[in-house]
Amino acid sequence: MAKTSLESLFSIKGLTVAITGGGGILCSEMAKAFGDLGCKVAVLDLIPEAAERAAKAIRDNGGEAVAVGCDVLKRDSVMAAADKVVSAFGKVDVLVNGAGGNKKDATTSPEMSFFDLPDSAFRWVFELNCVGTILPSQVFGKKMAERKAGQIINVSSMSAFRPLTKVSAYSAAKAAISNFTQWLAVHMAQEYSPTIRVNAIAPGFFLTEQNRFLLTEKDTGKLTARGQKVIDHTPAGKFGKPFDLVGGLVWLMSPSAEFVTGVVVPIDGGFAAYSGV
Ligand SMILES: NC(=O)c1ccc[n+]([C@@H]2O[C@H](COP(=O)([O-])OP(=O)(O)OC[C@H]3O[C@@H](n4cnc5c(N)ncnc54)[C@H](O)[C@@H]3O)[C@@H](O)[C@H]2O)c1
């Protein structure tokens, strides 16, 4: 292969990217990296101010970004957001389905048994993580099918491979996301175009709002027993930093991954590989 082709193997410059949950801790870091690498970035989030904060950080760094308020659980909202992104950038090359999370009410604890988990909390977590990825994939995926080009990257979790204790709704939903990633990869390739790729990343443990209450003590910030267990079970010996997710994403988005579709890539410091023995 010519040297110039090799040099562009990992380039994502010029791609237009829409990222849901883009105002959040992990996805705002991803969005910023996409902007720094020359992508046009549409930051979608339920909280418009959070989306604008992330978009502004990209623009302040000399990149191109728009903020779009969007509720991934409402089809009208996602359709309106997709129209805004297309009118800003002309097309969407990559959709990153980042919106997701867990909440305390859907988490078992000494105070909350599995039998008493409110179904409203279970539904909230399941829908956000599962339906909240499927709906944008329908709306943005349709535009990709029409163009016979595009990529979707989902965000799964360690709890998809083997469920984590306490978080049943979250685990079920993320397992569904890994499964859906494979399903949609096959569907898009067979029904619309083999150039449309669908993949996922499965982050290990990153301290964010969805898990801080589980992994650290509120008052002291020290690790809980569960937090320590996670570290002990992570061969890298630490939590990830949001930026650790960027390399894997860039690889999936770049020409170097042209033959990669339907995979779920763990970015986890080895957590998924370790049996504990
Ligand atoms: N933190 C971790 O250790 C970890 C591990 C594995 C996977 N993940 C996944 O990574 C993704 C990002 O997580 P994070 O830790 O940065 O969370 P976060 O809470 O910081 O970010 C989530 C963002 O999604 C937005 N959001 C929530 N509901 C929405 C909706 N209905 N429509 C649009 N946006 C909505 C929130 O406003 C927030 O900005 C999630 O899918 C999460 O499940 C996180």
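**The shell around the ligand**

Task: Find the element that gives the largest share of the shell around the ligand, and then describe the rest of that shell.

Solution: Start with α2, which supplies the largest share, three residues. A word on the model before going on: it is predicted, so local features need pLDDT of at least 70 and side-chain atom pairs count only at pLDDT 80 or more, while totals for chains, interfaces and linings use all residues. Residues are numbered from 1 along each chain as its sequence is written.

Next, look at the 30 residues around the ligand, of which G21, G24, L26, G100 and T208 come nearest; a residue is near if its C-beta atom, placed from the backbone, lies within 6 Å of the molecule. Two elements, α2 (25-36) and α5 (119-147), each give two or more residues to the shell.

Finally, sort the shell by class: 15 residues are nonpolar, 12 polar and three charged. Here Ala, Val, Leu, Ile, Met, Phe, Trp, Tyr, Cys and Pro count as nonpolar, Asp, Glu, Lys and Arg as charged, and the others, Gly among them, as polar.

**Two domains**

Task: Work out where the ligand lies relative to domain 1 and domain 2, and why.

Solution: First take the bounds, which come from an automatic or database domain assignment: domain 1 covers 10-204 + 242-266, and domain 2 covers 208-239. Both domains give residues to the shell, so the ligand lies between them. Their centres, taken over C-alpha atoms, are 24 Å apart.

Now turn to the boundary, where seven residues of domain 1 are in contact (C-beta atoms, placed from the backbone, within 7 Å) with seven residues of domain 2. On the domain 1 side, two of these are nonpolar, three polar and two charged.

Solution: Then count neighbours: K148 has 12 C-beta neighbours inside 10 Å and so counts as exposed. The scale runs from exposed (12 or fewer other C-beta atoms, placed from the backbone, within 10 Å) through partly exposed to buried (20 or more).

For comparison, K166 sits in the loop between α6 (158-161) and α7 (168-191). The phi of K166 is about 80 degrees, again positive in a non-glycine residue. K166 counts as partly exposed because it has 17 C-beta neighbours inside 10 Å.

How values were computed. Contact = placed C-beta atoms within 7 Å. Helix = DSSP H or I, 4+ residues; strand = E, 2+ residues; numbered from the N terminus.
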